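My entries follow the structure.

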Amino acid sequence: MRAAVLVFPGSNCDRDLAVAFRNAGFDVEMVWHKDTDLPGGLDIVGVPGGFSYGDYLRCGAIAAQSPISGALKAHAARGGYVFGVCNGFQILTETRLLPGALLQNAGVKYICKTVTLRVETTDSAFTNAYAAGAEIDIPIAHHEGNYQADADTLARLRGEDRVAFRYLDAPNGSTDRIAGILSENRRVLGMMPHPERRAEPAHGGTDGAALFTSLSEALVNA
Amino acid sequence: MRATVTVMLKQGVLDPQGEAVRHALGALGFDGVEGVRQGKLIELDLADGTTEAQVTEMCEKLLANTVIESYRVEMG
């Protein structure tokens, strides 16, 4: 199984994401944003957290126009898997691979703490190793995590079982406490919380590890 | 030549920053500030002959996220 992790100027969770993929059995290649092609034979592309391009203009907006972005969109269009965390989720909405947008937190403050999420669907390669309705503790660290979308989009997300995770509390003002969503083909996941920061005992908990083992099990059987 | 692009959150999209500014104005004793919306103003220095349609395309592709933001272009 092969994964690539994109690296933008200002990415700061790229190595954490690579470690989580490796621990789940993936060979991982880091791909610089100025590259125009992804490595061949990839199963999944990880879009990491951080502050790509200093969050200039809008979080993720410049990254969404960077040279590697075309290859990322082509990978998704071919049915490839994509996993965006935090700034990666923002980038995926800016590329329109996922609907909606992430606005400033309703409390206008940067929030860095561990929160409890509910796994809302196990019907995806990212979540199939979790129990339905499982409550998991995962850290968030963001200033723009307030998920907003129009009423039609929200109705589709709910109707098509595409809300992957919800916050138990409402830390950032997200509509319907949405923490992560899936694409229509269920192969693109974007989420604000950081499962890669809660994936081994030294992190203080391992609730995020099942996301990566879900992927490795799903992809090895694919 | 110059173009000025104003980008604002769409009506109906909560603007927490504008809301915080409104509260702060009230705390300073400015009564009657009923709403504050904060946006961005982007000035573009452009080669002569650049059209408004080209600036609009810039807005659609990068300067605004039309999922949540509206924009206004003023040429010259």
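I count two strands as paired if DSSP finds at least two bridges between them. The model is predicted.

**Chain B, the sheet.** I looked up the strand order first. Three strands of chain B form an open sheet, E2-E1-E3, with antiparallel pairing. Strand E2 (40-45) and strand E3 (69-75) of chain B are the edges, each pairing on one side only. I noted an average twist of 20° from one strand to the next.

I then checked one pair. E1(B), residues 2-9, and E2(B) run antiparallel over six bridges. B:Arg2 has B:Asp45 in E2(B) as its bridge partner.

What packs on this sheet? I found helix H2 of chain B, residues 52-63, touching E1, E2 and E3 of that chain. The direction of H2(B) makes about 155° with that of E3(B).

**Chain A, strand E4.** Why is E4(A) largely enclosed by the rest of the structure? Five of the five residues in this strand, 81-85, are buried, so the rest of the structure largely encloses E4(A). I took buried as under 20% relative accessible area.

I sorted the side chains by direction. In a regular strand they alternate between the two faces of the sheet. From E4(A), A:Tyr81, A:Phe83 and A:Val85 point one way, A:Val82 and A:Gly84 the other.

**Neighbours of E4(A).** E3(A), residues 44-47, pairs with E4(A) in parallel over four bridges. A:Ile44 is bridged to A:Tyr81.

Notes: Residues numbered from 1 in each chain as written. Chains lettered and ligands numbered in written order. Predicted model: local features only at pLDDT ≥ 70, side-chain atom pairs only at ≥ 80, totals over all residues. Heavy atoms only, no water. Helix = DSSP H or I, 4+ residues; strand = E, 2+ residues; numbered from the N terminus. Axes fitted to C-alpha atoms, helices over the stretch in contact; angles between N-to-C directions. Contact = heavy atoms within 4.5 Å. Buried < 20%, exposed > 50% of the residue type's maximum accessible area, 1.4 Å probe, protein only.
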